[in-house]
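Open the model in your viewer and follow the stops below in order. Each stop says what to select and what is there.

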Amino acid sequence: MNIADLRKSYEKAELSETASNADPLKQFDQWLNEAIRGEVPEPNAMTLATVGSDLRPSTRIVLIKGYDERGIVWYTNYQSRKGRELAGNPFAALQFHWVELERVVRIEGVVEKVSDEESDAYFHSRPLDSRIGAWASPQSEVIESRTVLVTNAAKYGAQFLLKPPRPPHWGGYRLKPDNWQFWQGRKSRLHDRLRYTAQADGAWLRERLAP
């Protein structure tokens, strides 16, 4: 099979200015909930793109853990590659791809850490194994083998038992959007693409982009 011959016709839905919400957060809320109700696999999974001091971009999949008018929230190890890159350059981009619905949402903005109180509350809501894992994994560092992780998990499990505290190197980030794009696949590659750009007065400018 020639990979260049792989094609799909997008015909499930449309996205118009009249049918979309003037507030991008409300439009996102609608689409995310439709993905959840439609039982799309991992509808909460999003690609996070950051840029390092060497100007090389990098991406990885993280899980959205909250969103409101303040922004989009996820949690991770602050000492990971993404954490180090965000410390040096606090701008990032997120992307949701709901294949079954033929939809993509792209979000750009500035990133900041959430409060310690928010990080503590989410950390203590996690399953015990996940809380121990936050201590056990030196994320993004080179390790000799999986044995390192298993050994660390056993060590911290024995140390903290059922009440591991939140590691000081682990917590949440919040991206405050200043640019949203909503993409709906359409027939003949004439896709619908709406961009929302934040204005100085707090309003959003909605524009249609060519696909």
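## Whole chain

Start with a cartoon of the protein: five helices and nine strands make up its secondary structure. Helices here are DSSP runs of H or I with at least four residues, strands are runs of E with at least two, and both are numbered from the N terminus. This is a predicted model, in which local features need pLDDT of at least 70 and side-chain atom pairs count only at pLDDT 80 or more, while totals for chains, interfaces and linings use all residues. Residues are numbered from 1 along each chain as its sequence is written, and side-chain values use heavy atoms, with hydrogens and water left out.

Trace the chain from the N terminus; the elements follow the order α-β-β-β-β-α-β-β-α-α-α-β-β-β. Switch to the C-alpha trace, which spans about 60 × 55 × 40 Å along its principal axes.

## Burial

Colour by accessibility next. Of the 211 residues, 39% count as buried, meaning under 20% relative accessible area with a 1.4 Å probe and protein chains only.

## Largest pocket

Now show the largest pocket, with a volume of about 390 Å³. Select Y75, T76, R126, Q139 and W170: of the 18 lining residues, these are the closest to the pocket centre. A pocket is an open set of points on a 1 Å grid over the protein atoms alone, where a 1.4 Å probe fits, with protein on both sides within 12 Å along at least five of seven lines; lining residues have an atom within 4 Å of a point. A volume is the space filled by probe spheres set on the points, which are joined across faces, edges and corners.

Which elements give two or more residues to this lining? Select β2 (57-63), β4 (71-77) and α4 (128-136). End on β4, which gives the most, with four residues.

Terms used. Buried < 20%, exposed > 50% of the residue type's maximum accessible area, 1.4 Å probe, protein only.
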